[in-house]
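Subject: Handing over the structure

Hi there,

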Amino acid sequence: MADRFFDFWRVDVFTDTPLTGNPLAVFPRATGLSDAEMAGIAREMNLSETTFVLPSRTPSAHYRNRIFTPGGEIPFAGHPSLGTAYVAAMEGIVPHPEGSSVLYQEVEIGVLPLELQVEAGQIRKVVMTQGEPNLGKRLEKVDGLAEALDVRPRDIGVGKLKPQLAATGIHSLQVPMKSLEAVRAIDYDMRALARFLGRLGDRLVCYVFTFETESPDAQVHARAFSPGDGIREDPATGSAAGACGAYLLANGRLPAPTFVVEQGIEMKHASRIEVTVEGEGATPTSVKVGGRVTPIIRGSLRLP
């Protein structure tokens, strides 16, 4: 039997600087790969996510985007959506005319739009409209979370802000912390945090953040932990950053209608995530997340 070859791109998302941001592997023409092969490739790539572009199952989308972590398939994620849209445009799967244009991806939570912003023929930014925002359980007692994160309970919470589940497609636990120093110092045990998060939901991301930042143009400094997926830390988490925006609006602490999250600095993979939130009073109604995408590798994978 002849070998099969599948082209792939490696891109850094939420950055304009190579070797920073959040790495992503994208297979733009994945037809012919089985579910087991996709899962195996994601483990082989050993990145937080690897995506596979397939023909859409609905006429309302340009393509289907299947997203895998090393631990298995997930229904939606932020940086894989942006990076895949960039590669789809560069591969000619979708057009990218000068100015602003909209494409539609099919993911497991539905069909979501993404905006390509093109200047002088170059894709300068990709902006994703996320799923419907919703807020979940609020944690009034933080001792168990503090123990799982190996931090002091008094470092969790900012004023009336308490840890709370939030989602714009997939749920994350939003954890406000009092200082940049406290966020930087986190060195948690994966099994302990996985056990704690497992009592709240399946494969939750723990999104720890503070309003103290390193960059003067950022309003939030964040770190993301996903032990349930075998990911100790993620350098840029668009889905959780969007959920953070919804959470902040609902709790009256939104820094601005559009604000910047800095993430990945502790991993030496600095990322810049732009979050835009719209709402009616304290109810978030729309969340968009955007950023730059930087290509760094193109290659081909051989399978029997």
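Predicted model: local features only at pLDDT ≥ 70, side-chain atom pairs only at ≥ 80, totals over all residues.

**Aromatic rings**

The structure holds six aromatic pairs. One of them joins Phe209 and Phe211 in an edge-to-face arrangement, with 5.9 Å between the centres and 80 degrees between the planes. How accessible are these two residues? Phe209 has 0% relative accessibility, so Phe209 counts as buried. Phe211, with a relative accessible area of 24%, is partly exposed, because that value falls between the 20% limit for buried and the 50% limit for exposed.

Phe209 has a further partner in Tyr247: this aromatic pair is also edge-to-face, 6.1 Å centre to centre and with 75 degrees between the planes. Which elements does the pair of Phe209 and Tyr247 tie together? Phe209 belongs to strand β12 (residues 205–210) and Tyr247 to helix α6 (residues 238–250), so the contact ties together parts that are 38 residues apart in sequence. Both Phe209 and Tyr247 are buried.

Elsewhere, Phe8, Phe27, Phe52 and Phe68 make up one aromatic cluster.

**Salt bridges**

Next come the charged side chains. The count of salt bridges comes to 18. In one of them Glu106 is paired with Arg57, and their closest N and O atoms are 2.6 Å apart. Are the two partners buried or exposed? Glu106 is buried, at a relative accessible area of 6%, whereas Arg57 is exposed, at 52%. Arg57 and Glu106 also belong to a network with Arg64 and Glu108, joined by salt bridges that share partners.

A second salt bridge to look at is the one between Asp187 and Arg232, where the closest N and O atoms are 2.8 Å apart. This pair, too, links distant parts of the chain: Asp187 is in the loop between α4 (180–184) and α5 (190–198), Arg232 is in strand β14 (residues 231–234), and the two are 45 residues apart. Asp187 counts as exposed, with 55% relative accessibility, and Arg232 is partly exposed, with a relative accessible area of 33%.

Over which ring does the charged end of Arg232 sit? The ring belongs to Tyr188, and the charged end of Arg232 is 4.5 Å from its centre.

Arg272 and Glu274 supply another salt bridge, with 2.7 Å from N to O. Arg272 is partly exposed, having a relative accessible area of 36%.

**The largest pocket**

Now for the open space. The largest pocket has a volume of about 340 Å³. How many residues line the largest pocket? The lining is made of 25 residues, and those nearest the centre are Ile74, Ile170, Arg203, Val205 and Asp229. At least two lining residues come from each of β5 (72–74), α2 (78–90), β13 (220–226), β14 and α6. Helix α2 gives the largest share, three residues. By type, the lining divides into ten nonpolar, nine polar and six charged residues.

Leu82 is in helix α2, and at 0% relative accessibility Leu82 counts as buried.

Arg199 is found in the loop between α5 and β12. With 62% relative accessibility, Arg199 counts as exposed. Between Arg199 and Gly281 there are 82 residues in sequence and 31 Å in space, taken from C-alpha to C-alpha.

Best wishes

Notes: Residues numbered from 1 in each chain as written. Heavy atoms only, no water. Phe/Tyr/Trp six-rings, centres within 6.5 Å; stacked < 30°, edge-to-face > 60°. Buried < 20%, exposed > 50% of the residue type's maximum accessible area, 1.4 Å probe, protein only. Helix = DSSP H or I, 4+ residues; strand = E, 2+ residues; numbered from the N terminus. Lys NZ or Arg CZ within 6 Å of the ring centre and 35° of its normal. Salt bridge = Lys/Arg side-chain N within 4 Å of Asp/Glu carboxyl O. 1 Å grid on protein atoms, 1.4 Å probe; cavity = no way out; pocket = protein on both sides within 12 Å on 5 of 7 lines; lining within 4 Å. Points joined across faces, edges and corners; volume = space filled by probe spheres on them. Nonpolar A, V, L, I, M, F, W, Y, C, P; charged D, E, K, R; others polar.
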